[in-house]
Amino acid sequence: MSIDVRVPLEQQSYSTAYQQMLERVRYEGAYPTRERAEEVIRLVLAGLGRQLTGDERVDLAARLPLEAARALTAQIPDTQPLSGWAFVKDLAARSGSSLATTRWDTGSVFAAVAAHARSDLITRILDQLPTGWALLFGQAELNPAT
């Protein structure tokens, strides 16, 4: 199933799982339209796709609805992963949104992502990424004992 950005969202055929993800993000983020929720999902998952590598990337893509998995996997991972805060700043710069809005958008999408992924996968993802990401997923940032 392909997504044609030239066709309005309401005329496109999405999987039921993706429609549910759209509605969850729309609800969590209090977005006025499905189109706005779609924009946020694409932005945040593309950003996450630039950060994740290896089995975690593959496993997350396998758990997401196809449309969301495509947004995630269409990106080539960066060579230097960003901290959670740097990730938010990067997305804000790319979207032209404020840092507060981008942080809100990220949390809204990651809540839906966490609903699709098992907690052990989220833990593996957080273990792979630099500090600051747990908060984006609505979890406490745990510093390992050294």
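**Helix packing and the nonpolar core**

In this predicted model, helix 1 buries Tyr 18, Met 21, Leu 22, Val 25 and Gly 29. These residues cover an arc of only 100 degrees around the axis, so they lie on the same side of helix 1. Thr 16, Gln 20 and Tyr 27 are exposed on the other side of the helix. Helix 1 runs over residues 16-29. At 1.5 Å a residue, its 14 residues should span 20 Å, and the C-alpha atoms at its ends are 20 Å apart, which agrees. Ala 30 follows helix 1 and has a positive phi, near 55 degrees.

The pairing with helix 2 can be described in detail. Two packed helices are described by the angle between their axes and the distance between the axes. The axes of helix 1 and helix 2 come within 9 Å and cross at roughly 100 degrees. Since angles of 65 to 115 degrees count as roughly perpendicular, helix 1 is therefore roughly perpendicular to helix 2. On the helix 1 side, the contact involves Tyr 18, Gln 19, Met 21, Leu 22, Glu 23, Val 25 and Arg 26. Their partners in helix 2 are Arg 34, Ala 37, Glu 38, Ile 41 and Leu 45.

Leaving out residues up to four places away in sequence, Met 21 touches Ile 41, Leu 45, Leu 64, Pro 65, Ala 68, Ala 112, Val 113 and His 116. Met 21 is also among the residues with the most contacts inside the largest nonpolar core, together with Leu 45, Leu 60, Val 109, Phe 110 and Trp 133. This core has 37 residues. Two or more of its residues come from each of helix 1, helix 2, helix 3 (54-63), helix 4, helix 5 (84-95), helix 6, helix 7 (119-128) and helix 8 (133-136). Helix 2 gives the most, with six residues.

Helix 5 was examined in the same way. Its twelve residues reach 17 Å from the first C-alpha to the last, close to the 16 Å expected at 1.5 Å a residue. Gly 84, Phe 87, Val 88, Leu 91 and Ala 92 are its buried residues. They cover an arc of only 135 degrees around the axis, which puts them on the same side of helix 5. Ala 93 and Arg 94 are exposed on the other side. The cover over the buried residues of helix 5 includes helix 2, helix 6 and helix 8. Gly 96 follows helix 5, and its phi is positive, near 80 degrees.

Helix 3 holds Glu 56. Its relative accessibility is 16%, and buried means under 20%, so Glu 56 counts as buried. Glu 56 is in contact with Leu 121, Arg 124, Ile 125 and Gln 128, leaving aside its neighbours within four places in sequence.

Across the chain, the secondary structure comes to eight helices and zero strands. The order from the N terminus is α-α-α-α-α-α-α-α. Of the 146 residues in the chain, 38% are buried. Among contacts with a separation of 6 or more, 65% join residues 24 or more positions apart.

Notes. Residues numbered from 1 in each chain as written. Predicted model: local features only at pLDDT ≥ 70, side-chain atom pairs only at ≥ 80, totals over all residues. Heavy atoms only, no water. Helix = DSSP H or I, 4+ residues; strand = E, 2+ residues; numbered from the N terminus. Expected span 1.5 Å × (residues − 1). Buried < 20%, exposed > 50% of the residue type's maximum accessible area, 1.4 Å probe, protein only. Arc of directions from axis to C-beta. Core = buried A, V, L, I, M, F, W, Y, C linked by side-chain atoms within 4.5 Å. Contact = heavy atoms within 4.5 Å. Axes fitted to C-alpha atoms, helices over the stretch in contact; angles between N-to-C directions. Parallel < 35°, antiparallel > 145°, perpendicular 65-115°, else oblique.
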